[in-house]
Every structure is written in structure tokens, then in C-alpha cells.
Amino acid sequence: MNFTDAIRSTPEIAQCLRNGLQALGGNSGKVAVRETRDLTGSVDVDTCLMKRYPNAPRWDYVFGYRDRVYYVEVHPADNTRKVREIIAKLQWLKQWRKLSAKNLEGLESQGTYHWISTGKTASSVKRGKYLQILAQNGIRGPDSVLNADTVP
């Protein structure tokens, strides 16, 4: 199953699938790809699931590019408390995927998680302890831009 099929088979977000990076709206400039024709679609998970899960720490976006799945959280990184917030969002995303998006869950081995910072990133967030905590949770960043072509 590919990214588009996984999204279309997930009733809670199927109607939110957009072409390219359109679902990212104004945040689409925070993602760089070499070949836009290789984008397989995007979903604004946060907005799409807001009514169903109003109090949940919802993750922002997911998009497909070259047989990979990129989960992107665009969030301030101005202090170390934000690290906990990002981890809570990731935990919510993974739990939601297990319960409601099983086909997307099936693409886990093709997925990566990225924190894209809004504004200035505090130097303390980019230090060893906090970077280690993020890495242990599988989160890359915080970065100002995600260059999808450089993700291993």
C-alpha cells in the first residue's frame, strides 16, 4: 500500500488529502523537495481532526514524497518546555494511527518525524540532553526547513 491509498482508506482523514504540499498552506515553504511531481499528497492532520479530538495534542501534517512518509510538526522551539509538547504530540499521533489509521500505521517503516521550528530556536533546545530526548523518540529537528531529499 502506498501513502495515497493509506490516506484514502482512513475515513477520518480521507477527505483532507490534498495535492502536493497544499495541505500545509502557508507552512509549505518550510518543506523543500527537488521534484514536486514526486509528491504524493498531504494532509493537515491537526485541522482535519480538530472537531473529533478537540482537546488532543494533535500532530500538524503528513505528506508523501518518493515512497516515503513525512510527519511534520510546525511549532515554536523557543524554550525547552516545547520538547515535552512535541513528544506528547507524537505519542498522540502514534496512538491515533494504531486505532484509526491502520494502513498509515503499516507504512511506519517508511516514515520519519520532523519538528520544524517557527521563529527562533532556543540554543538550549539544540543541546545534547534535549536533542538526545528528541532522537530517542524518533524526532528530527528542530530545524527551520525540512529538506526531504536529504533525509536518509
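**Stop one: the sheet**

Start with the open sheet: five strands in the order S2-S3-S4-S5-S6, with mixed pairing. Strands here are DSSP runs (E, at least two residues) and helices are too (H or I, at least four residues), numbered from the N terminus; two strands pair if DSSP finds at least two bridges between them. Select S2 (39-44) and S6 (139-143) next: these are the edges, each with a single partner strand, so one side of each has no neighbour in the sheet. On average, neighbouring strands of this sheet are turned by 20° against each other, direction ignored.

A word on what you're looking at: this is a predicted model, where local features need pLDDT of at least 70, side-chain atom pairs count only at pLDDT 80 or more, and totals for chains, interfaces and linings use all residues. Residues are numbered from 1 along each chain as its sequence is written, and side-chain values use heavy atoms, with hydrogens and water left out.

Now pick S4 (residues 68-77) and S5 (residues 111-121), which run parallel and are joined by nine bridges. Click on alanine 77 and look across to S5 for its bridge partner, threonine 121.

**Stop two: helices across the sheet**

Show H3 (residues 81-100), which lies across S4, S5 and S6 and runs at about 150° to S4. Axes are lines fitted to C-alpha atoms, for helices over the stretch in contact, and angles run from 0 to 180 degrees between N-to-C directions.

Stay on H3 and select lysine 82. Neighbours within four places in sequence aside, lysine 82 is in contact (heavy atoms within 4.5 Å) with His75, Pro76, Ala77 and Trp115.

**Stop three: the disulfide**

Last, select cysteine 16 and cysteine 48, joined by a disulfide with S to S at 2.0 Å (the cut-off is sulfur atoms within 2.5 Å). Cysteine 16 sits in the loop between H1 (3-8) and S1 (31-32) and cysteine 48 in H2 (residues 45-49), so the pair ties together parts 32 residues apart in sequence. The torsion about their S-S bond is about 85°, so this disulfide is right-handed. Cysteine 16 counts as buried at 14% relative accessibility, and cysteine 48 counts as buried at 15%.

Notes
Buried < 20%, exposed > 50% of the residue type's maximum accessible area, 1.4 Å probe, protein only.
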